[in-house]
Amino acid sequence: MKLKELTISEFEEFVLKSPLGNHYQTSDYGILMSEAGFDYDLIGLVNEYGEILAASLILLKKIGIKSKYGYAPKGFILDYFNQTLLKEFTDQLKEYYIKKNVIFIKLNPEIAIAEIDLKSKAKTYNWNGQIRDFLEDNNYLKLKDNLYFESCLPRFNGIISLKDLSINNFEKNTRNKIKRAITKGLEIETAERSGIDILYNFIKYKKNKDEFYYKDYYNIFHKKNRIDLFLVSINTKEYLLNAKEMYEKELEYNTILNKNLINSNTQKNINLKMNSDRKLLSYKNDVLEATERNSKNEKIYIAGALVVKYKNRVQILISGYDRKFKRFNPNYFLHYKIMEHYKENYTYFDLNGMTGDFTKENPYYGLNEFKLGFKPKVYEFIGEYDLIINQKKYHNLLVNGTLAKLFNKENDKNAKENAN
């Protein structure tokens, strides 16, 4: 067996066939990251018949004057249970990359080792946990497990089966917010690259990337129909019609409650009347707002998302909404409508990251609760590892704090980026 650089077609074909294939392990992602200052290799291990047995996109970046580090996003594409193959690929990677002055290769395989119960938050581990032993046997250094978004990619994730998609499967609070969003006249549409300027207004506060990064993402992945842009707007005419209808229904109900209260001044009737009064005021304000916005005859965009499509899975890459319209619940509406859009042609919907801390003290508690409201299957992945190529230089990077400075800085960015 030998290690060699693969052509784009060889690499893409191999990754597409693998159950571990994902959009981070594509030539498209390598091209995208080359715009961010990385070089990249499409590397593969082949047998004497030219058959590819293992492969990986390896991103390469300078660390110091002459040296580099590598990163295999979502890990190598191989059978990790094949210990002979894992050892051979590892040994040849070391031999190949030490000649290129690469000190280490970071990887975070997309291997789920546990499923988390949504109610108890207890973890049920599976046999994929054995792979941790196989990696450590081959001298992969296990990095500290993170609860939040300290690593390059999230260690916890929520996945929804689109084949079983139904709004009735969601939490009651989530269902109600989606339904309220619909009454506000929200609509969703697919947009072209120019729509990224609109989307960027909703996401710039939580990213350290400019709009050109997302335009590059769109341009590169759109060539193979692997990305879509969605925008949510308010149909002010529909909003006005709904607001008037709800106001009139509540006014009619309020009149009945008022008569009941006159005839029977019980605490129950008082509470019902007070609750109806609050709704009536809210609907009245909606009518006034909808009337004003409808009179201006302008289209108001309030949310958006970039979605990557690969194999049988779609993933929210980044999403955001205008905080001035938070009461319209645009993020709930956006996610649900995207799921509906893909349910016929794709199998899984990837919520793109959660935290492993399910307590209310978690600074990302709101993000977790939002995603848990869709009742996904929540998985814990195997985590991050460093394959050390040059032990001495790696040790020096640890001692002088270079690694900590580099990856703490990167992980600060990741925390914002993964807080989708």
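**Close-up 1. Helix α2 crosses helix α7 in this predicted model.** Here we look at α2, residues 27-34, and α7, residues 211-222, whose axes come within 10 Å of each other. The two axes cross at roughly 150°. Angles over 145 degrees count as roughly antiparallel, and α2 and α7 are therefore roughly antiparallel to each other. Their crossing is right-handed.

**Close-up 2. Side by side: the residues where α2 meets α7.** From α2, the residues taking part are Asp28, Tyr29, Ile31 and Leu32. Across from them, α7 brings Tyr213, Asp216, Tyr217, Ile220 and Phe221. Sorted by class, this contact holds 7 nonpolar and 2 charged residues, with no polar ones.

**Close-up 3. An open sheet is built from 7 strands.** Follow the strands across in the order β1-β2-β3-β4-β5-β16-β8, and you will find mixed pairing. At the edges stand β1 (2-5) and β8 (140-142); each has a single partner strand, so one side of each is left without a neighbour in the sheet. From one strand to the next, the twist averages 30°.

**Close-up 4. Strand β1 pairs with strand β2.** The partner of β1 in this view, β2, covers residues 39-46. The two strands run in the antiparallel sense and are joined over 4 bridges. To find your place, look for Lys4, which stands opposite Gly44 in β2.

**Close-up 5. Helix α1 lies across strands of the sheet.** The helix, residues 8-17, lies across β1, β2 and β3. Relative to β3 (52-62), α1 runs at about 115°.

Key
Residues numbered from 1 in each chain as written. Predicted model: local features only at pLDDT ≥ 70, side-chain atom pairs only at ≥ 80, totals over all residues. Heavy atoms only, no water. Axes fitted to C-alpha atoms, helices over the stretch in contact; angles between N-to-C directions. Parallel < 35°, antiparallel > 145°, perpendicular 65-115°, else oblique. Left-handed = near helix turned anticlockwise from the far one by under 90°. Contact = heavy atoms within 4.5 Å. Nonpolar A, V, L, I, M, F, W, Y, C, P; charged D, E, K, R; others polar. Pairing = 2+ DSSP bridges.
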